[in-house]
Amino acid sequence: MTGSHHYQGPLHGYITARGPLHRGPSGPRLSVVTFSFASLNLKASCNQLKLFWRQIGGHMRKVEGGVAGVAWAIGFDGMPYYYSGGYGGGIFTGFDSGVFGIHQQEDNDSHYIYENQRWNPLEGYSDRRLPSDRWNWSDESGVYERTREGYPLPSSQWQWADEQWTVETKPNITDKDGWQYAVDFPRSYHRERGWNDYVRRRRWKRRCKLTTTGPWIQVTPQVRLRDVSIQIDLLDGLIAVWAVGTKGDVLYRHGVTGDCPQGTAWEHILTDLPFISISVGCKRRVWGIAENGTALLQGRIWRKTRSQGTDGST
């Protein structure tokens, strides 16, 4: 910051960064950032809190900050990382105080395009389409044209990990060639062709990878995640870290403290439904959202022992 004002501080903290900072061909892209609480101007006529963004190295889909400076992040490939405390990497060379915390990271992502065809009595299914139809090769919405030959990667940092595009086939979802059928665009698609299904589509996939550096260390053993949440108040030194795996399984990370932000081991927590999101509030109250949209709050059952009452008190 510049200027002749005198400041007391600085005060720094972390918040969760969600949502896109810029949009690529296949959807939103999020660069890892920290939100620093800048110094408070005590000389001003009224107290003002000046905020600014500071970019650090790494490439993540989500970053979550908690108590005691503990921060975790999830890459586009679902791999979890914890913040090392350094600064730099990527396009930054790093400062002397942060070089020690810089590590290499490889992130992976998958890109998809759709092949769309319409049936006509002369050729059967073909690339011939109506003026109102979607592109023969498009994104999922059909609004934007996407071709295999000219598909752009998000940036020059990305490289193709697969040599070519491949058709996706899924049991009970597509036929053996990857096609799904429908009466018209866009309608509900199904695996088996019906007598009045005049359109069909199939999805092509290709993986790409990015190699960069940043103040992030991969959490081991490797578990792919779709969401993570960290306790925001310090109770007894231990910090609750809850996560949702890519298949909807709920996990708890043991041993997380300010001095050991990576923790020590995973524990799978039984649930009746697969989860898509999880959040840890004050006093370790855990909220979750199931795949069917149900909101859930974790309850606790206290067991009665000889030295305890039914409420758990001694």
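On a 1 Å grid over the protein atoms alone, a cavity is a set of points where a 1.4 Å probe fits but cannot get out, and its lining residues have an atom within 4 Å of a point. This is a predicted model, in which local features need pLDDT of at least 70, side-chain atom pairs count only at pLDDT 80 or more, and totals for chains, interfaces and linings use all residues. Residues are numbered from 1 along each chain as its sequence is written, and side-chain values use heavy atoms, without hydrogens and water.

**Cavities**

- The whole structure holds 2 cavities of 30 Å³ or more, a volume being the space filled by probe spheres set on the grid points, which are joined across faces, edges and corners.

**A sheet of 3 strands**

- Strands S21, S22 and S23 form, in that order, an open sheet with antiparallel pairing, where pairing requires at least two DSSP bridges between two strands.
- Strand S21 (275-280) and strand S23 (295-297) are the edge strands, each pairing on one side only.
- Strand S22 (residues 286-290) pairs with S23 over 3 bridges in the antiparallel sense.
- Trp 287 lies opposite Leu 297 in S23.

Definitions and conventions. Helix = DSSP H or I, 4+ residues; strand = E, 2+ residues; numbered from the N terminus. 1 Å grid on protein atoms, 1.4 Å probe; cavity = no way out; pocket = protein on both sides within 12 Å on 5 of 7 lines; lining within 4 Å.
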